[in-house]
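Dear colleague,

Please find below the structure that I am handing over to you. My notes on it follow directly after.

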Amino acid sequence: MNYERLKRDCFWDLDISKEQIETILQGQDKRKKTMLFEKILLNSTALFKDLEMFNKEDLKELLETYKIPQFNIDYAFRRKNIAEVYFFDKPLLIDELKWIV
């Protein structure tokens with residue numbers, strides 16, 4: 001994991017260490033995991049690689065409970081749907097990315 005890139009992409013507004021990220025990932029604090037997930041979902045330049053840090057159960061719950069914000073709604077919706085398709089074989093809902101048959 002490239003923590004320096006992750007910090008540059010997602011945590012430019014916070015001072016967070018590699019150890020703090022790992023503690024959040026291994027811990028039980030859902031609020032902190034949600035914050036970490038949302039930062040990665042909306043800002044990561046290596047979305048799939050970074051989301052793989054979460055265990056599968058946590059990632060599934062985070063995706064299912066994620067509320068798309070009114071600000072930047074299209075961007076957030078696309079990133080969430082792409083992650084759902086990639087990790088959980090959910091339906092692709094982005095028309096311009098669907099195969100034409």
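**Findings**

R78 is partly exposed, with a relative accessible area of 30% (partly exposed lies between buried, under 20%, and exposed, over 50%, using a 1.4 Å probe and protein chains only). The model is a predicted one, in which local features need pLDDT of at least 70 and side-chain atom pairs count only at pLDDT 80 or more, while totals for chains, interfaces and linings use all residues. Residues are numbered from 1 along each chain as its sequence is written, and side-chain values use heavy atoms, with hydrogens and water left out.

The structure holds 9 salt bridges, each defined as a side-chain nitrogen of Lys or Arg within 4 Å of a carboxyl oxygen of Asp or Glu. One of them joins R78 to E96, at 2.3 Å from N to O. This pair links distant parts of the chain, since R78 sits in helix α6 and E96 in the segment after α6 (73–88), 18 residues apart. Helices here are DSSP runs (H or I, at least four residues), numbered from the N terminus. E96 counts as exposed, at 57% relative accessibility.

A further salt bridge is formed by K80 and E84, again at the side chains, with 2.6 Å from N to O. K80 and E84 are 4 residues apart in helix α6, so about one helical turn separates them. Both K80 and E84 are buried.

R5 forms a salt bridge with D50, and their closest N and O atoms are 2.6 Å apart. Because R5 lies in helix α1 (residues 3–10) and D50 in helix α4 (residues 47–51), the pair ties together parts that are 45 residues apart in sequence. R5 and D50 are both buried. A network of salt bridges links R5, D9 and D50.

D9 also takes part in the packing of α1 on α3: L6, D9 and C10 in α1 meet K39, I40 and N43 in α3, where contact means heavy atoms within 4.5 Å. By class, this contact has 3 nonpolar, 1 polar and 2 charged residues (Ala, Val, Leu, Ile, Met, Phe, Trp, Tyr, Cys and Pro count as nonpolar, Asp, Glu, Lys and Arg as charged, and the others, Gly among them, as polar). The axes of α1 and α3 come within 9 Å and cross at roughly 85°; axes are lines fitted to C-alpha atoms over the stretch in contact, with angles from 0 to 180 degrees between N-to-C directions. The two helices α1 and α3 are therefore roughly perpendicular (65 to 115 degrees).

Finally, K33 is located in helix α3 (residues 30–43). K33 is buried, with a relative accessible area of 8%.

Key:
Parallel < 35°, antiparallel > 145°, perpendicular 65-115°, else oblique.
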